[in-house]
Amino acid sequence: MIDLFNTPFESSLRVLLVLYSIKPLAITVDRITAYDFMTIYGKDFDVTSFNLHGDNSFNFSELPSKRTSISNGIKESALNGMITVKQTNSGFCYAISEFGTHYVEAFSSNYAKQYLEVIKKVHHLNKSKTDAALTTEINN
């Protein structure tokens, strides 16, 4: 059996969901990672009444490996033409492409729907914060 959990494929799907929810903005890997983390563990950040991946006493230890996983998901999505890469003065930023937008709009799972609802709240609450502030909030 092929395991789809914690793979670049799974991460690329969540990267697409993050970027879809904030389009047409382009954001850094650090912001994508923070938004994904805060979405998965929305209850811990007072965004929702539940955590998409369930309650876990070790979830905050996941952050370092999550950035690597998200980076791999970004690479896969970029290679497949689902996201665009923009070089800015502060580094690389990523946005969803038209192809990626159509791909996300074909998602029909309950998980994808819940994720999109939560990520929109996460973005609304955090769009004015810096990437560093988001990372600090998660680490605290």
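The model is predicted, so local features need pLDDT of at least 70 and side-chain atom pairs count only at pLDDT 80 or more, while totals for chains, interfaces and linings use all residues. Residues are numbered from 1 along each chain as its sequence is written, and side-chain values use heavy atoms, leaving out hydrogens and water.

Trainee: At roughly what angle do the axes of α1 and α5 cross?
Mentor: Take α1 as residues 8-22 and α5 as residues 110-126, both DSSP runs (H or I, at least four residues). Axes are lines fitted to C-alpha atoms over the stretch in contact, with angles from 0 to 180 degrees between N-to-C directions. These two come within 9 Å, and they cross at roughly 50 degrees.

Trainee: What does that make α1 relative to α5?
Mentor: Under 35 degrees counts as roughly parallel, over 145 as roughly antiparallel, and 65 to 115 as roughly perpendicular. The rest gets another name, so α1 is oblique to α5.

Trainee: How are the planes of Tyr103 and Phe107 arranged?
Mentor: Rings of Phe, Tyr and Trp (its six-membered ring) pair if their centres lie within 6.5 Å; planes under 30 degrees apart are stacked, over 60 edge-to-face, the rest tilted. Here the centres are 5.4 Å apart and the planes sit at 75 degrees, so the pair is edge-to-face.

Trainee: Are Phe37 and Tyr41 buried or exposed?
Mentor: Their rings form a tilted pair, 5.2 Å centre to centre with 55 degrees between the planes. Buried means under 20% relative accessible area, exposed over 50%, partly exposed in between (1.4 Å probe, protein chains only). Phe37 and Tyr41 are both buried.
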